[in-house]
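Let's walk through this fold together, strand by strand and then helix by helix. Keep the model open as you read.

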Amino acid sequence: MSSRDLRVLGDSLGLSGTVLLDRYQVGPAIALGGMAIIYRGRDLRLLRPVCIKVFHRLRSNDSGYHASYEHFIQEAFALSQFSHPNTLRIYDFGYLEADTEAPFQISEMLEGGTLGQLVHREGPRPPDETLEILAPVAGALAEAHARGIVHRDIKPSNILFGLAGASRVVKLCDFGIAKANDDDGAPPHRAEDTFVDGHRLHFYSPGWAAPEQARGEAVGPGADVFSLGLVTAFVLTGRPVFSGRGEDVIEARDHTDAHVDNYLSEVVIAPALAAVVRRACRASVELRFASVDELASALREAVVSITPPAMPVAAATTAFAHGGTTSVGMAMPTAVPEEPPAAPTTAPILFVEAAGEGEVLVAGRRMRLIPMMTDQLDLGGEGALLESPARFRITMTPSAGEMPRFNVKGLNCFVSRIGARPTTAVDVEIDMDLSLLAHDRRELDSMRCMLGESDGNHRRYDLGTVILAVPNSQGLALLDLGPGRALGLLHRGPVARRGGRR
């Protein structure tokens with residue numbers, strides 16, 4: 001591939017349509033991370049979908065390139081060693097033969113989104129579902145720890161879902177900053193020890209890191225225990241324990257125990273579950289669970305202790321036969337056939353032909369119709385769409401295809417992709433979650449920016465319980481402020497509404 005084949009679009013590479021390693025055809029970009037862009041791809045030999053992850057943030061002559069490059073390659077080698085069914089499978093590895101020398105990985109394609117997206121879309125998950133999701137993650141981590149490898153970046157966006165028929169499969173990914181002990185027993189070189197131009201490179205996510213990581217100390221499996229405890233709290237409550245960004249979050253680790261106790265006093269969580277989170281997230285490694293297996297076992301015991309016991313089979317069957325009036329344990333005179341399973345349902349589709357301003361209810365939520373009369377629009381502010389002090393500007397940007405693109409610029413705040421460094425503006429070219437931060441890095445609000453998918457005639461936005469369908473010529477973007485809060489549909493065109501199912 002020559003350098004002229006690489007068209008830089010903002011901060012991403014234009015690789016769609018090319019073939020890597022004479023085998024993997026690159027499709028559309030589907031996600032953007034801190035150091036990599038993710039493409040949908042296809043294995044032309046085995047005729048299966050694949051995920052292509054391309055390191056793209058730095059060029060080979062940039063300061064810090066080699067350190068970042070090393071961590072990207074480290075992920076490929078780490079993943080290649082694992083066989084646990086809940087660890088992301090990696091198929092191949094290479095690099096672009098171009099000026100950028102960008103490395104890439106080929107892995108299995110997962111279609112179910114991330115844990116962070118699930119909680120943002122559907123809200124806190126019940127204890128039994130939380131256990132169902134996180135127990136496999138603990139299993140994947142246990143295999144890594146047994147091989148001497150510490151993940152060091154456990155967070156909701158690194159826990160993915162695959163789909164196996166009607167079942168959901170949990171997968172742990174992104175071992176890019178994982179490290180193992182050297183064979184000679186010497187302490188490993190740490191990502192926290194990497195400096196560029198006198199500044200330490202933070203190869204971890206501050207909001208999910210253990211205190212010892214924030215201090216730049218050597219880390220062991222206890223760091224993953226701490227981070228998995230933070231994820232457990234987030235899934236159960238819908239709120240991260242450390243909700244700030246950057247240095248503010250690092251400083252909060254100096255008072256970890258008090259911060260966690262204060263958080264647990266403000267959220268609604270069963271005492272047994274709170275005890276699990278509290279122990280997993282202790283500042284002292286020695287006071288945490290000794291392993292991720294121990295954390296998973298404690299979580300399982302807590303969930304069982306707060307789950308009402310199921311009605312005995314005899315009682316349930318008898319009640320069904322006699323209208324619920326029979327006492328427990330009464331013998332059945334005849335067998336009662338089981339109810340047939342319910343037929344699978346399709347999420348209802350709500351068609352919207354948008355024009356002008358107004359509001360409609362979508363699955364019990366208020367959705368504002370927001371016309372883009374020009375390519376620029378200011379939103380947010382007290383009493384407005386966000387109902388918070390944060391104000392921002394949406395600017396539509398040119399797009400080569402039919403997929404809309406826009407820029408979000410903070411007017412009185414910083415903007416940040418979840419887990420990334422705050423900045424004044426962010427380009428939205430794919431669906432992504434954004435935080436709106438005060439100048440002291442406090443989170444004022446957050447939203448999911450959805451560009452949707454086109455079915456040829458309509459642009460569809462999947463909200464889980466309902467799918468919005470807007471004509472391609474009208475739909476621009478959907479801003480989702482989280483469970484129970486407002487939606488904002490950016491559009492061009494007149495307003496009518498009709499419901500239907502397809």
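Pro 49 in β6 is the bridge partner of Arg 42. That pair belongs to a set of eight bridges joining strand β5 (residues 36–43) to β6, and the two strands run antiparallel. (Strands here are DSSP runs of E with at least two residues, helices are runs of H or I with at least four, and both are numbered from the N terminus; two strands count as paired if DSSP finds at least two bridges between them.) Between β5 and β6 sit four residues, making a hairpin, and Leu 47 in the turn has a positive phi of about 55°.

A word on the ground rules: this is a predicted model, so local features need pLDDT of at least 70 and side-chain atom pairs count only at pLDDT 80 or more, while totals for chains, interfaces and linings use all residues. Residues are numbered from 1 along each chain as its sequence is written, and side-chain values use heavy atoms, with hydrogens and water left out.

Now look at the other neighbour of β6. Five bridges join β6 to strand β8 (residues 103–108), again antiparallel. Lys 53 stands opposite Gln 105 in β8, and Val 54 has Phe 104 as its bridge partner there. Six of the eight residues of β6 (residues 48–55) are buried, so this strand is largely enclosed by the rest of the structure. Buried means under 20% relative accessible area, exposed means over 50%, and partly exposed lies in between (1.4 Å probe, protein chains only).

Zoom out and you get an open sheet of six strands, in the order β3-β4-β5-β6-β8-β7, with antiparallel pairing. β3 (19–20) and β7 (90–95) are the edge strands with a single partner each, so one side of each has no neighbour in the sheet.

On to the helices. In α2 (residues 115–122), the buried residues are Leu 115, Gly 116, Leu 118, Val 119 and His 120. Gly 123 follows α2 and has a positive phi, near 85°.

Finally, find α7 (residues 256–266) and α8 (residues 271–280), whose axes come within 10 Å and cross at roughly 160°. Axes are lines fitted to C-alpha atoms, for helices over the stretch in contact, with angles from 0 to 180 degrees between N-to-C directions. α7 and α8 are therefore roughly antiparallel, a label for angles over 145 degrees. Val 260, Asp 261 and Leu 264 of α7 meet Ala 274, Val 277 and Arg 278 of α8, where contact means heavy atoms within 4.5 Å.

Conventions:
Angles under 35 degrees count as roughly parallel, over 145 as roughly antiparallel, 65 to 115 as roughly perpendicular and the rest as oblique.
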